[in-house]
Amino acid sequence: MTLFPGLLLEQCSYKDQFDNLEKHTQWGIDVLEKYVKFVKERTEIELSYAKQLRNLSKKYQPKKNSKEEEEYRYTSTRAFLATLNEMNDYAGQHEVISENMTSLITGELTRYVQELKQERKSHFHDGRKAQQHIETCWKQLEASKRRFERDCKEADRAQQYFEKMDADINVTKADVEKARQQAQLRHQMAEDSKAEYSSTLQKFNSEQHDHYYTHIPNIFQKIQEMEERRIVRIGESMKTFAEVDRQVIPIIGKCLDEITKAAESIDHKNDSQLVIEAFKSGFEPPGDIEFEDFTQPMKRTVSESSLSNSRGDGKSEPKFGGKSKGKLWPFIKKNKLSLKLGAGPEDFSNLPPEQRRKKLQQKVDELNKDIQKEMDQRDALTKMKDVYIKNPQMGDAASVDHRLAELGQNIEKLRIEVQKFEGWLAEVEGRLPMRTEQARRQSGLYEAQNTSAVNSCAQDRESPDGSYTEEQSQETEMKVPATDFDDEFDDEEPLPTIGTCKALYTFEGQNEGTISVAEGEMLYVIEEDKGDGWTRIRRNEDEEGYVPTSYVEVYLDKNAKGAMTYI
């Protein structure tokens, strides 16, 4: 069904209707270009959104070999990591949307707009050509009509002149004949113009009929079809626009389902248990606090006697030997600084039992991995050596002997280290009895950086009753010669006691600056914990050092505490 040809109501309105169609089709192309621009901006937004999502996911991803990786053992943080990964996939779907819209809509419509412009230009060129042709025919008809009208008027005047001359008796016969011939000539010219005008009129009518009923309707029909194709095409593009989004909805739904699944996998009980396993110390809760009777005055001598008796009842521990307590103070302060900086004994004896067990187990696992790595290298070199032996042209078999020897030595050293740490681990777990003083001295060979020679000598010469012999004191003086720096502390007054403490657990003070205590032993407190986890205590005038604050229960004297704050 043709609609645009119906616009040809009359000749005078043809040009106006043609101009209206030209404006309308141009508006249609503008609408199509506007839609293409809209889709293009949508694709840019999708790309920008996907990029921002990927950057966001990357920003919160845990960094490799960092403390954050340890945090992802909890179910809540693992769920968060899963969310980050799904958001990365979610961003990928928005990139798919952008790519599909660019290829299926923007690219296709851009090409179609160019084709549409060319087709429209061709149709309206044909229309203008037809219009010019009919206008030319019309001008020819008008010219023929005016010529016929002129010739008719000339013939009529010539006939009137001939009749006038013929009626005049004074006119010669020759003049009358000449007027008659002139009238006949004009009549002939009028007849020729009439015939020409009639032919031109018939031709114009035919051309006009073809113009209004054939040529122009055909052009309008093509323009209508072009416009309808444009409308259909933009409708199909809108459907594609929606379908591109709909295609990724299932995948986006899966991403959201995975995020929901990760959220549902969070187990608060499990996370709490991990925290307990990570930080539990293995200590038993402290017992009831004994009643202190202040009705009876305490004498300092009695208190010192009770502390001495308590020490005598406990297990004999190695003492922190030296020329005098004053000379040891510089080394104590130096060691305390090293403890603050994170240095500790190789067997992690400064940690609570459970934490120590975990550290030892971790060290054993690391050493076993190193052993396996060295063994794999040794096996590979052994196979290479066999190949060289069988095929000397490939290499010298003796060239790998040195490396094999190094690997063997490394494996042996690592195995010794594993045995050492497994022994400490077994001690913590209760699989082996507590090490004797001799075993500690042997293990001290592996802890040369943490155990001083002074302590080793002191342990070798300890008498059964827990005291040191004169030989020990003399050797100690040889190991730690007196210097001017040490002498500065000879005259210093010892720190006053600010309270007492009770050892909750046995602590082996093998590091310089520490002191060994037995469980239940009563001692004096001369310096409270400064926030680094160590308390300074004194057993007698010659023995003092640091112990972990968590290993003792401190009873501070209020008056002495004030004095300590002042110091």
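This is a predicted model: local features need pLDDT of at least 70, side-chain atom pairs count only at pLDDT 80 or more; totals for chains, interfaces and linings use all residues.
## The pairing of helices α3 and α4

Helix α3 is made up of residues 75-167 and helix α4 of residues 173-264, and the axes of these two helices come within 6 Å of each other while crossing at roughly 170°. Because angles over 145 degrees count as roughly antiparallel, α3 and α4 are described as roughly antiparallel to each other. The residues of the contact of α3 with α4 divide into 46 nonpolar, 19 polar and 23 charged.

A79, which lies in helix α3, has a relative accessibility of 5% and so counts as buried, a label given to values under 20%. The C-alpha atom of A79 is separated by 9.2 Å from that of T260, although A79 and T260 are 181 residues apart along the chain.

A search of the whole structure finds 24 salt bridges, among them a pair formed by E95 and R54, in which the closest N and O atoms are 2.9 Å apart. Because E95 lies in helix α3 and R54 in helix α1, this pair ties together parts that are 41 residues apart in sequence. Both partners are partly exposed, E95 with a relative accessible area of 23% and R54 with a relative accessible area of 28%.

Another salt bridge is formed by R233 and E108, whose closest N and O atoms are 3.8 Å apart. This pair links distant parts of the chain, with R233 in helix α4 and E108 in helix α3, 125 residues apart. R233 counts as partly exposed at 24% relative accessibility, and E108 is likewise partly exposed, with a relative accessible area of 32%.

K153 counts as partly exposed at 45% relative accessibility, as does E149 at 41%.

Elsewhere in the chain, E527, R536, R538 and E544 are linked in a network of salt bridges.

## K117 and I29

K117 has its place in helix α3, and its relative accessibility of 34% means that the residue counts as partly exposed. The C-alpha atoms of K117 and I29 are separated by 7.7 Å, while the two residues are 88 residues apart along the chain.

## Residues of helix α3 taken together

A79 counts as buried at 5%, whereas K117 counts as partly exposed at 34% and K153 as partly exposed at 45%. The salt-bridge partners of this helix include E95, whose bridge is to R54 in helix α1, and E108, whose bridge is to R233 in helix α4.

Conventions
Residues are numbered from 1 along each chain as its sequence is written. Side-chain values use heavy atoms; hydrogens and water are left out. Axes are lines fitted to C-alpha atoms, for helices over the stretch in contact, and angles run from 0 to 180 degrees between N-to-C directions. Helices (H or I, at least four residues) and strands (E, at least two) are DSSP runs, numbered from the N terminus. Angles under 35 degrees count as roughly parallel, over 145 as roughly antiparallel, 65 to 115 as roughly perpendicular and the rest as oblique. Ala, Val, Leu, Ile, Met, Phe, Trp, Tyr, Cys and Pro count as nonpolar, Asp, Glu, Lys and Arg as charged, and the others, Gly among them, as polar. A salt bridge is a side-chain nitrogen of Lys or Arg within 4 Å of a carboxyl oxygen of Asp or Glu. Buried means under 20% relative accessible area, exposed over 50%, partly exposed in between (1.4 Å probe, protein chains only).
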